[in-house]
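I opened the model to look up how its parts meet. My notes follow in the order I made them.

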Amino acid sequence: MKPAPFDYLRADDISAALSALHDAGEDARVLAGGQSLGAMLNMRLAKPSLLIDIMHIEALGAIREEKAALVIPACVTQEALLRRSDLHPLLAKALPWTGHVQTRARGTVCGSIAHADPSAELPLCLALLGGEVSIRSRRKRRTVQAADFFRGMMLTDLRPGEMIEAVRIPLARKNQRFAFTEIGRRHGDFAIVAVAAMREGDTLRLTVGGVNDTPAIREWATLDTADIPDALNDLAWSLDARDDLHATARYRRDLMRNLGRIVIEEVSS
Amino acid sequence: MTTLAATETHTVRVRLNGRAVEGRATPRMLLTDFLRHELHATGTHVGCEHGVCGACTIRIDGALARSCLAYAVQVDGATIETVESLAPERGRLSVLQTAFQRHHALQCGFCTAGILMSLDTLLGAEPDAGEDRIREVLAGHLCRCTGYQPIIRAALDAAARLREGDADA
Ligand SMILES: Cc1cc2nc3c(=O)[nH]c(=O)nc-3n(C[C@@H](O)[C@H](O)[C@H](O)COP(=O)(O)OP(=O)(O)OC[C@H]3O[C@@H](n4cnc5c(N)ncnc54)[C@H](O)[C@@H]3O)c2cc1C
Ligand code: FES
Ligand code: FES
């Protein structure tokens with residue numbers, strides 16, 4: 001339970017972090033809150049030769065609003081986001097499910113997106129809201145839509161030498177309604193199934209986490225109340241539910257139908 | 001800004017429970033091991049070493065943290081508080097610690113150091129915290145022998161006494 005040896009660099013600014021990432025290539029890892037990476041290093045699931053600590057980069061510390069979006073840079077912790085007074089209603093519902101008080105105090109929003117755990121709440125929210133990931137390498141900047149960013153289980157569109165500078169989440173509009181719920185073994189554990197919903201007029205959008213390797217997205221232009229059970233049943237069977245240590249595929253489908261109904265009712269009432 | 005080499009030890013300076021102290025660490029040294037083996041502050045316990053059990057919970061720069069998910073070199077220059085900081089003086093316990101004693105909120109005590117740090121932080125920030133909040137904060141800890149009810153009773157009792165300004169409970 002002790003990590004393999006690594007060099008450590010505390011980056012003072014983003015260009016230093018990006019140069020070091022560029023020079024070390026795939027052998028380097030960004031260290032943010034360490035709430036996922038620490039466990040992977042201690043269990044030797046990851047053995048990078050260099051850790052680049054980005055948490056002292058002042059320019060990445062503050063949330064801002066820009067062009068109708070909330071911009072959350074890489075050093076913002078989950079707790080700092082949760083404490084925001086005018087927090088996006090979906091994030092206000094989903095963030096308390098992300099780990100524990102103790103892990104949110106250090107874990108970052110961007111770190112959760114970069115880690116891309118299939119059960120994680122923040123990737124699910126980013127996908128539902130059509131957020132964007134702002135990526136930087138030493139020479140280039142690019143922006144990737146949430147739907148294209150998550151590529152597989154803990155696999156993202158990030159290439160060697162790149163880091164997430166910020167994520168952008170569109171601000172909630174007045175005619176939008178949101179709901180979130182999940183089932184896990186205990187509060188704060190990773191979800192077995194998590195579901196988030198958004199309604200805007202007649203359009204209903206649902207994302208499901210914990211089942212496929214990446215957040216699954218479904219959208220209905222209209223969905224009559226009478227058709228909801230069938231729609232949810234189709235959804236449950238269309239996803240790649242599998243048996244594992246935590247739950248059977250059948251239980252996961254059952255959760256999708258039930259949690260799906262709960263969030264749809266909440267955004268429709 | 002220099003890279004700290006994996007194979008060498010580096011000086012790490014922290015303010016630990018109000019005192020400026022320093023020790024040596026290779027980059028891979030866990031903060032838990034640094035506290036216990038280098039600084040000889042053995043109040044912080046180590047259970048799982050992957051963030052799940054909460055035994056190692058401390059405060060870094062005022063915020064709660066799992067010390068097994070941090071490396072010593074990360075906290076160079078930081079202010080650290082551990083369970084040793086809670087008692088106001090030698091031979092006297094804090095209101096929260098006394099409540100733990102009164103309500104038998106510990107048996108083996110393995111989980112206790114971390115739980116005390118979490119609850120101390122909660123009651124400091126939210127004096128009016130009720131049972132729901134206490135349960136939410138406790139969810140970040142595993143206790144394998146006491147059971148959580150006495151811990152919750154102790155926390156509620158401490159909260160009430162602290163609100164009444166009972167510093168000497
Ligand atoms: C007990 C426990 C319970 C948890 N429960 C949940 C839960 O229910 N739901 C949940 O979603 N999460 C949960 N987590 C994980 C969550 O707390 C982490 O905060 C999050 O997954 C990673 O964020 P971090 O800042 O800690 O990143 P780190 O652990 O530092 O990094 C994680 C990965 O992302 C990379 N990375 C980080 N930041 C960047 C960046 N800016 N650019 C590029 N790459 C980057 C790192 O290189 C690493 O590969 C839990 C953790 C623990 C210890
Ligand atoms: S030892 Fe750190 S959480 Fe278990
Ligand atoms: S008192 Fe023994 S584990 Fe909690």
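Entry 1: the interface. I counted the contact residues first. Chain B gives 35 residues to the contact and chain A gives 37. I kept in mind that this is a predicted model. Next I looked up the area buried between chain B and chain A, which is about 2,900 Å². Carbon and sulfur atoms give 55% of that area. On the chain B side, I asked which residues lose the most area to chain A. They are Met1(B), Arg28(B) and Gln74(B), together 24% of what that side buries.

Entry 2: salt bridges. I ran the rule across the interface of chain B and chain A, and it finds three salt bridges. Over all chains the structure holds 32. I then followed Arg104(A). Its side chain meets that of Glu136(B) in a salt bridge, at 3.5 Å from N to O. The side chain of Arg104(A) also meets that of Glu79(A) in a salt bridge, at 3.7 Å from N to O. This second pair links distant parts of the chain, 25 residues apart. Arg104(A) sits in helix H5 (residues 101-104) of chain A, and Glu79(A) in helix H3 (residues 78-82) of chain A.

Entry 3: helix packing in chain B. I noted for each pair what describes packed helices: the angle between their axes and the distance between the axes.

Entry 4: H3(B) with H4(B). I took helix H3 (residues 112-125) of chain B and helix H4 (residues 131-138) of chain B. Their axes come within 10 Å and cross at roughly 140°. H3(B) is therefore oblique to H4(B), since the antiparallel class needs an angle over 145 degrees. The crossing of H3(B) past H4(B) is right-handed. From H3(B), the residues in contact are Ile115(B), Ser118(B), Leu119(B) and Leu122(B). They meet Arg133(B), Ile134(B), Val137(B) and Leu138(B) in H4(B). By class, I have six nonpolar residues, one polar and one charged in this contact.

Entry 5: H4(B) with H5(B). The partner here is helix H5 (residues 148-163) of chain B. The axes of H4(B) and H5(B) come within 10 Å and cross at roughly 125°. That angle makes H4(B) oblique to H5(B). H4(B) passes H5(B) in a right-handed crossing. H4(B) brings Glu131(B), Ile134(B), Arg135(B) and Leu138(B) to the contact. H5(B) brings Tyr148(B), Gln149(B), Ile151(B), Ile152(B), Ala155(B) and Leu156(B). I sorted the residues of this contact into seven nonpolar, one polar and two charged.

Entry 6: H2(B) with H5(B). How do the axes of helix H2 (residues 95-102) of chain B and H5(B) cross? They come within 8 Å and cross at roughly 140°. H2(B) and H5(B) are therefore oblique to each other. I checked the hand of this crossing too, and it is right-handed. On H2(B), the contact is made by Val95(B), Leu96(B), Ala99(B), Phe100(B) and Arg102(B). On H5(B), it is made by Ile151(B), Ala154(B), Ala155(B), Asp157(B), Ala158(B), Arg161(B) and Leu162(B). The classes are nine nonpolar, no polar and three charged.

How values were computed:
Residues numbered from 1 in each chain as written. Chains lettered and ligands numbered in written order. Predicted model: local features only at pLDDT ≥ 70, side-chain atom pairs only at ≥ 80, totals over all residues. Heavy atoms only, no water. Axes fitted to C-alpha atoms, helices over the stretch in contact; angles between N-to-C directions. Helix = DSSP H or I, 4+ residues; strand = E, 2+ residues; numbered from the N terminus. Parallel < 35°, antiparallel > 145°, perpendicular 65-115°, else oblique. Left-handed = near helix turned anticlockwise from the far one by under 90°. Contact = heavy atoms within 4.5 Å. Nonpolar A, V, L, I, M, F, W, Y, C, P; charged D, E, K, R; others polar. Buried area = accessible area lost by both parts, 1.4 Å probe. Salt bridge = Lys/Arg side-chain N within 4 Å of Asp/Glu carboxyl O.
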